[in-house]
Amino acid sequence: MCYSGTTTIGYKFVKIIVANWKMNPATEAEAAALARATDYEHVVICPPFIFLEAVAKTLQRATLGAQDLFWEGPTGPYTGEVSARELKNLGVTHVIIGHSERRLNLGETNDMIAYKVAAAFTEGLTPILCVGETADQRNAGRKETIIAEEVKTGLSRLPAACTTQSLYLAYEPIWAISTAPGAAPDKPEDTVATIGFIKQQLASLPYQPPVQFLYGGSVTPKNAADFLKYPEIAGALVGAASLNPEAINEIVYSIAGYN
Ligand code: PGA
């Protein structure tokens, strides 16, 4: 089974900003206010599950995303989980899958992530699959091995009927995420080289869905355009700065010329 409709912005080649709010804010009123203040076209706002409905009611220009999903569904005995269908019924169109914080804190494996990507495809949600290496893996010369495994296994369960559905692959080096000790953004030219490497991995899959690439890790108004000026980089996955309306405003305007 495969969803045959269209997603909102997944198919158009526009630069997007994915606002990953993580476990913020604490109240629905704050969530609605933040959504209202960052409601721009080409922004995908990903609040915690509990605020999806309130944010959905607020948005007029931005798109609604989720930070995770469960692969079973549409309903069932899975305590604490949320299915792709349930997200879709709330107006969600995009879903972050395999964020490093879930891999590291909750033990998500590439295989679990593969089921999640497949579940998103089946319901017509656009996956934003996160990949990236830790500082230790990078220092040990294992960056490429780790990323290749994340990409190949993460995309290993795509339903054959869904091969024309698009997805985003977000390269997020874990050492670059703003909460990592001594975090600093990747060098944009290194990100482009890593995207080239990921494309080679994709070429060895049995079939190639349309993929666009995002960069994430300490993206701010100061550096967003340095990444997004590259045609290879279709957007940014923004964590800490996404909680600051002024920062989102500046990022959106700094990249407007590339859309
Ligand atoms: P950051 O987070 O922008 O705060 O570095 C990015 C992410 O974890 O998705």
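This is a predicted model: local features need pLDDT of at least 70, side-chain atom pairs count only at pLDDT 80 or more; totals for chains, interfaces and linings use all residues.
1. Start with the span of helix 5. This helix covers residues 110–123, which is 14 residues. From its first C-alpha to its last it reaches 20 Å. That is close to the 20 Å expected at 1.5 Å a residue.

2. Next, its surroundings. Helix 5 is largely enclosed by the rest of the structure, because 10 of its 14 residues are buried. Buried here means under 20% relative accessible area. The buried residues are N110, I113, A114, K116, V117, A118, A119, A120, F121 and E123. Note that K116 and E123 are in this list.

3. What do the buried residues of helix 5 pack against? Three helices take part: helix 3 (84–89), helix 4 (100–106) and helix 7 (143–154). So do three strands: strand 4 (94–97), strand 5 (126–131) and strand 6 (167–171).

4. Look at the residue after the helix. G124 follows helix 5, and its phi is positive, near 80°.

5. The structure holds 1 cavity of 30 Å³ or more. The largest cavity contains about 40 Å³ of space.

6. Which residues line the largest cavity? They are G98, S100, R103, C130, V131, G132, E150, E172 and I174. Helix 4 and strand 5 each supply at least two residues of this lining. Both elements also pack against the buried residues of helix 5.

Notes
Residues are numbered from 1 along each chain as its sequence is written. Side-chain values use heavy atoms; hydrogens and water are left out. Helices (H or I, at least four residues) and strands (E, at least two) are DSSP runs, numbered from the N terminus. The expected span of a helix is 1.5 Å times one less than its number of residues. Buried means under 20% relative accessible area, exposed over 50%, partly exposed in between (1.4 Å probe, protein chains only). Contact means heavy atoms within 4.5 Å. On a 1 Å grid over the protein atoms alone, a cavity is a set of points where a 1.4 Å probe fits but cannot get out, and a pocket is an open set with protein on both sides within 12 Å along at least five of seven lines; lining residues have an atom within 4 Å of a point. Grid points are joined across faces, edges and corners, and a volume is the space filled by probe spheres set on the points.
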